[in-house]
Each structure stands twice: as structure tokens, then as C-alpha cells.
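Q: I have a model open on my screen and would like to learn how to read it. Could you walk me through it, one feature at a time?

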Amino acid sequence: MRMVDPYEGSHPEDLLSPYALDTLSEGGSLGIEAHLELCRSCSEEIASLRETAARLIASVAAQVPPPDLRSRLIASVGSRV
Ligand SMILES: [Zn+2]
């Protein structure tokens, strides 16, 4: 016997990414939240999307020096020349 999935074929798959990244409109988010309360597979998908996004943001943030670092470097190089 297979488990019955009441949402089979109607998961809001294309809205999961924007929801995980907080780029959905408020109305869209409410619809997703209602679905997530009942749908475990989409909740897990959101959790993993958020984890991936957090990792991406962390790696991008690590590569971009804070704006004051550049001017401090320029100042310290300039003072030695
Ligand atoms: Zn779902």
C-alpha cells in the first residue's frame, strides 16, 4: 500500500525557492505557510533551501571585504610609500 499524499501534483514547487529566500509577496507567503503546515516534504525542502542559501551567502560574504577594509588598506599602503 502506498501512502496517500493529499498534495500530490499540487505542491507549490516554484514558490518554494522565493519563499525560502523571503522574496514572495505577503499573500504568496501565507498560501505557502498554510501548505507547509500540512506538507512535510515541502517543509523539508524549505529547510534545505534555506540551509543552501545561508551557506551561499556566507561564502559570498567571505569573499567581499567590508567597505572600510579597502580604505584602511589604501591608507596603510599610502602611509608607507
Ligand atoms: Zn507540498
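A: Gladly! Let's begin with burial: of the 81 residues of the chain, 6% count as buried. Keep in mind that this is a predicted model.

Q: Then how far does the predictor trust it, and where is confidence lowest and highest?

A: Start with the average, then go element by element. The chain has a mean pLDDT of 84, and 86% of the residues score at least 70. Helix α4 (residues 67-80) has the lowest confidence, with a mean of 82, while α1 has the highest, at 91.

Q: What secondary structure does the chain contain?

A: Four helices and zero strands. Following the sequence, you read the pattern α-α-α-α.

Q: Which residues make up the largest nonpolar core?

A: For a core, look for buried nonpolar residues that are joined through their C-beta atoms. Here the largest one has five members: L16, Y19, A20, I32 and C42. Helix α1 (residues 13-20) supplies the largest share of this core, three residues.

Q: Which residues of α1 are buried, and how are they placed around the axis?

A: In α1, the buried residues are L16, Y19 and A20. They lie on the same side of α1 because they cover an arc of only 90° around the axis. Among the elements covering these buried residues are α2 and α3 (40-63).

Q: What does C42 touch?

A: Set aside residues up to four places away in sequence, and C42 touches H11, L16, H35 and L36. Both C42 and its contact L16 belong to the largest nonpolar core.

Q: How do I read α2, and is it well covered or hardly covered?

A: Compare its reach with the expected span, then count its buried residues. Helix α2 (residues 26-38) has 13 residues and reaches 19 Å from first C-alpha to last, close to the 18 Å expected at 1.5 Å a residue. As for cover, α2 is hardly covered, with a buried count of one among its 13 residues.

Q: Where is D22 found, and what is its phi?

A: D22 is found in the loop between α1 and α2, and it takes a positive phi of about 60° just after α1. Notice that D22 has this positive phi although it is not a glycine.

Note on methods
Residues are numbered from 1 along each chain as its sequence is written. This is a predicted model: local features need pLDDT of at least 70, side-chain atom pairs count only at pLDDT 80 or more; totals for chains, interfaces and linings use all residues. A nonpolar core is a set of buried Ala, Val, Leu, Ile, Met, Phe, Trp, Tyr and Cys residues joined through C-beta atoms within 7 Å. A residue is buried if 20 or more other C-beta atoms lie within 10 Å of its own, exposed if 12 or fewer, and partly exposed in between; C-beta atoms are placed from the backbone. Helices (H or I, at least four residues) and strands (E, at least two) are DSSP runs, numbered from the N terminus. Two residues are in contact if their C-beta atoms, placed from the backbone, lie within 7 Å. The expected span of a helix is 1.5 Å times one less than its number of residues. pLDDT is the predictor's confidence in each residue, from 0 to 100. The arc is that of the directions from the helix axis to the C-beta atoms.
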